[in-house]
Amino acid sequence: MSGGALITLKEDATDAGGSANGGGGNSNMASSQQNSGSGNANTAANANGSNGGPPEGTRQNSLQRIQLRKQKVFNLPVPQKLAKLSMYSACQSEGCRCTGWKTPQENRHRDVESSSYCPEFTEECRSCRHALQNHIAHLDGISGSQMNDLLGAIIDMENLFMSMQRVEDEDTKKVYLYLFRLLRQCVLTRQQAVIRGPLGDPPFESPCIAKAVSSFVFYKYNHLSQTELQTMTEVAKTFLNFLNHYNFEPPSMRRTGLTHEDASTYKINYTRWLVFCHVPAFCNSLRHFETSLVFGRTLLRTIFKYMAEQLRNKCSSERDRFPADKRSIITQMPKFLDALKAELLKDDSPIWDQGFRPSTAFIIQQRKRQQEASTGAGASKRTGAGEPAHKRVKKESTDRASGDSHFEDLSDETVVRALKAISESKAINKSEILFPVNVSRDENVKAEEQQRAIEFHVVGNSLTKQVDKQTIFWLIGLQAVFAYQLPEMPREYISQLVFDTKHKTLALIKENQPIGGICFRPFSSQGFTEIVFCAVTMSEQVKGYGTHLMNHLKDYSIKHGIRHLLTYADCDAIGYFKKQGFSKDIKLARPVYAGFIKEYDGATLMHCELHPSIVNIKFVLVIRKQSEILKELIAQRHNEVQKVRPGLTCFKEGLRSIPVESIPGLREIGWKPQMRAQRTARPLEESSDPEKLAASFTAVLQSVRQHQAAWPFLRPVTTAEVPDYYDHIKYPMDLKTMGERLKQGYYVTRRLFMADMARIFSNCRFYNSPETEYYRCANSLERYFQTKMRELGLWDK
């Protein structure tokens, strides 16, 4: 298939029978399903089980039967495949409106998928009386893979039709009908099924449930030992797997105990789950998404109580079936669910913060475990969409490079030094202070606000409490501003909304007079605010007041938990709203705002999504300051690159190799050590006797301490001796610290021991110049250390 068939989901869907006959025109659909021997798969109809759906075995059996049937059809001779396609292909004869070839009356109960019946291309259609070949004339030259794609879509469509007959819930039946029509249209047009419409596109919430649960494991259990942490990680995986296979109850069964708002939200999410997660699990023609990757906190809050109860029951009933080494997962599951529930109900829980990230060490540890698990499963096992193991490693590295990695941020000291340099530069260049360049209008407005020349107030009318005279005075002034600046809007309508108790107005006050404002209505339950009027007095325009007004409204909305702004803009206001971050691309699902927002003829609906971490009134200042810091750091780095450093003399003294990071100037130009793929441990990597290994390390360390060149490295460097040492050396190491680590059992492998010793020498070379005594001591002691390691059989370089 190619291209994309776009069909919008309608609420007023007709009955399933009308779709089956009108869309496909094939009365043999049901009999084809029954005669195929696999059309009785429970598939989508199981979504309406009141207890979370059928057992996993039933689900797997249904999916297996569907795949077996598809494979059977794919293996049919080409004439039989074409006969199957003809039943869903419009007649190509001129003027004929037949939408699918129908078997003759005498063969209407025979199945084209069976080996006993293959219709001739000359057989006439029972409906239009044209030959079968007239229905497949457009399929000349079609490849085998394209033919199989169409046949797979037809089987998916027939399964959906049978599901529509079995399901009783009307909401679910409408969704199946929509998907049935979508696949029917795709078969007719030979295009790929693409779902577009008011449901929006996955993912629907951020962060998703999977990310939040991963953050929860780190947030709650990071203090545990490695074994206990691994157990809780497995518990989390079990929970997510259960969620991905959980069958949601239809909205009609969840109305009790839910408010109207919650019921409406659940209905939307239930429909999304059917369309993007559940049905595509058995319909390969539709793109499939995991529930835990596209939904977030809203859905989990709605279903958690019921899902957790079923998961507890399942763990209790199947405890004896689990292997002994996995029963700890069953034991920890109730505690995990209780702790997750507490974080789910907390409004300020960090696991639902988009900016929350586990530490790099934790993520590396998790990835290492995943790699070990995948290695243990066998190199021949394929993952994802059929990717081999050797390709999976490349894909993971690509994912990290595309944004999943954690880049090192600038240190506070670096930023402070850059800011200090910027301040000194401005102090020297007096003209830049007296005659600043590129000063934005927004800065002038903020200066007026700081001097109290202008003020911003959110005002509104009220029926429950006394409204002070100042507020009434400002509302009257705002009504006059809106009426004068929006002459095409009826004054009565403006007055009605400005003084309406459900609307509020952000007023711009200058000399106690309103000179501009934004009238808006917040819909907290729906998560958006509607902007009704936005205007500034003519004499005060082009001064940046409009932008600053909108920034104040954005910060006000974020403070009250609202993340979306919607407005209908006329042709003259579209440019202004685009500059304020609004777009014609509406990312909110239509059911969220339909029926709430006021619609205007001749106006364009625009949307702005707010980020909770951005302070909008300071945004321009922050970006400008970041730009200055970046330019200063680039200038500093440029100066560092221009430096000429002396060459290396260590090789003349007999040293065979040195760490790359010890080369003078390498770090200054931006070089950083790269993460190497972990290699399989060599026989020398670890000793079977830890005490023997520790004894070897003790002997080496004692010999190194007694060497005549060891005196600079016996203890940590103090700031009293070298004030700026720790400004340059971020990871200090010395022989005393190594001795303490050895006593604590830190060096479980020789690699750790060798790394700390190498760190001593590389730090010395990095800080000191080659002509110093310290530099020569580092070279001499390193050669001695390598010799001692070779004598004990611990050096393989």
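Helices, as named here, are DSSP runs of H or I with at least four residues, numbered from the N terminus. Just after one of these, α28, Gly793 takes a positive phi of about 75 degrees. The model is a predicted one, and its chain holds 28 helices and 8 strands. Of the 797 residues in the chain, 42% are buried, and among contacts between residues at least 6 apart in sequence, 72% join residues at least 24 apart.

Helix α28 covers residues 773–791, and because its 19 residues at 1.5 Å a residue should span 27 Å, the distance of 27 Å between its end C-alpha atoms agrees with expectation. Its buried residues are Tyr775, Cys777, Ala778, Asn779, Leu781, Glu782, Phe785, Gln786 and Met789, and what covers them includes α24 (690–706) and α27 (750–767). An α-helix has 3.6 residues a turn, so residues three or four places apart point the same way.

The crossing in which α6 passes α9 is right-handed, and the residues that make the contact are listed below.

| Helix | Residues in the contact |
|---|---|
| α6 | Asp171, Thr172, Val175, Tyr176, Leu179 |
| α9 | Lys267, Tyr270, Thr271, Leu274, Val275, His278 |

By type, the residues of this contact divide into 6 nonpolar, 3 polar and 2 charged.

Technical notes: Residues are numbered from 1 along each chain as its sequence is written. This is a predicted model: local features need pLDDT of at least 70, side-chain atom pairs count only at pLDDT 80 or more; totals for chains, interfaces and linings use all residues. Side-chain values use heavy atoms; hydrogens and water are left out. Helices (H or I, at least four residues) and strands (E, at least two) are DSSP runs, numbered from the N terminus. The expected span of a helix is 1.5 Å times one less than its number of residues. Buried means under 20% relative accessible area, exposed over 50%, partly exposed in between (1.4 Å probe, protein chains only). Contact means heavy atoms within 4.5 Å. A crossing is left-handed if the near helix is turned anticlockwise from the far one by less than a right angle, and right-handed if clockwise. Ala, Val, Leu, Ile, Met, Phe, Trp, Tyr, Cys and Pro count as nonpolar, Asp, Glu, Lys and Arg as charged, and the others, Gly among them, as polar.
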